[in-house]
Amino acid sequence: MEVSRVSMKVLLFLVIIFPQTSADTHTLQFLYTALTPGENFTAVGLLDGEQIVYYDVNIRKMIPTSEWIDVADDRDVWKTQTQLMQSDQENLKQLLLTVMKDFKHTEGVHTLQRIYGCELDDDGTARGYDQYRYDGEHFLSLDLKTGTWIAAKDKAEITKEKWESTGHHAKYGKRYLEEECIKQLKKFLAPQNNRMWIWARTESGGVDLGRHGNSWSPHHLHYLCCWSSHLDEKKE
């Protein structure tokens, strides 16, 4: 029963954050999900709502999920992306364990999700977001106007104060979302977007993605299906 409730919250969250984008708005976004007990982590990247890259704890490597990303062109790029994602996996895992401790949750199924990315309207209006959810409920979010974290729960104040004591998390996140993320998204909207681009996240956290042609596949639906099945298997 407990896993079922968590599954419903996770899937509801996914439906909310992966809406169909309009012709006037383009998006680049990433979702990380960590799940306890055990080692469970999944990461997915989407362009205009369509999945383009994927990583989980079982395959332990970043892989492209779109035809237009050519892995063979530079295998070192994907090796680097895998190493960076493994680091992100460990960071989210440690944060989940810390949050569980703050809530005095010593056992049971718990999730921590991070969704971040940027949006760009055809009129040039840009937006960015970086949000965390614990057990499907809003936990922390970054306010780009003030460069500070907003705590949705009293327990989230503990993490907020820790992060703001150094200022690193907010400063880095704000710079990436307002500059690098938008720059990378614009690359797809340029007239030359029919050429091949290679996907690469930089050491500073930037993401460079590749496109070939204008065809897309509904991989994000496959992801939703598989994530739901993963939780159902645990329930059994």
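This report covers the confidence of the model and then its salt bridges.

This is a predicted model, in which local features need pLDDT of at least 70, side-chain atom pairs count only at pLDDT 80 or more, and totals for chains, interfaces and linings use all residues. Residues are numbered from 1 along each chain as its sequence is written, and side-chain values use heavy atoms, with hydrogens and water left out.

**Confidence**

Start with pLDDT, the predictor's confidence in each residue, from 0 to 100. Its mean over the protein chain is 76. A pLDDT of 70 or more is reached by 67% of the residues. In residues 194-199 the pLDDT is below 50. This stretch still has 31 contacts in the model beyond near neighbours in sequence (contact means heavy atoms within 4.5 Å). Residues 207-236 also have pLDDT below 50. Here the model holds 85 contacts beyond near neighbours in sequence.

**Salt bridges**

Side chains of opposite charge can pair when their charged atoms come close. A salt bridge is a side-chain nitrogen of Lys or Arg within 4 Å of a carboxyl oxygen of Asp or Glu. How many salt bridges does a search of the whole structure find? It finds 7. The table lists some of them.

| Salt bridge | N to O distance |
|---|---|
| Lys 93 and Glu 39 | 2.5 Å |
| Asp 121 and Arg 127 | 2.9 Å |
| Glu 178 and Lys 174 | 2.9 Å |

Take the pair of Lys 93 and Glu 39. Lys 93 lies in helix α2 (residues 75-102), while Glu 39 lies in the loop between β1 (25-36) and β2 (40-47), so the pair ties together parts that are 54 residues apart in sequence. Helices (H or I, at least four residues) and strands (E, at least two) are DSSP runs, numbered from the N terminus.

Next comes accessibility. Buried means under 20% relative accessible area, exposed over 50%, and partly exposed in between (1.4 Å probe, protein chains only). Lys 93 has 27% relative accessibility, so Lys 93 counts as partly exposed. Glu 39, at 43%, is partly exposed as well.

Glu 178 and Lys 174 both sit in helix α4 (residues 168-189). They are 4 residues apart, about one turn of the helix. Glu 178 is partly exposed at 40%, and Lys 174 is partly exposed at 24%.

Elsewhere, salt bridges that share partners join Glu 119, Asp 121 and Arg 127 into one network. Is Asp 121 buried or exposed? At 16% relative accessibility, Asp 121 counts as buried. Arg 127 is partly exposed at 34%.
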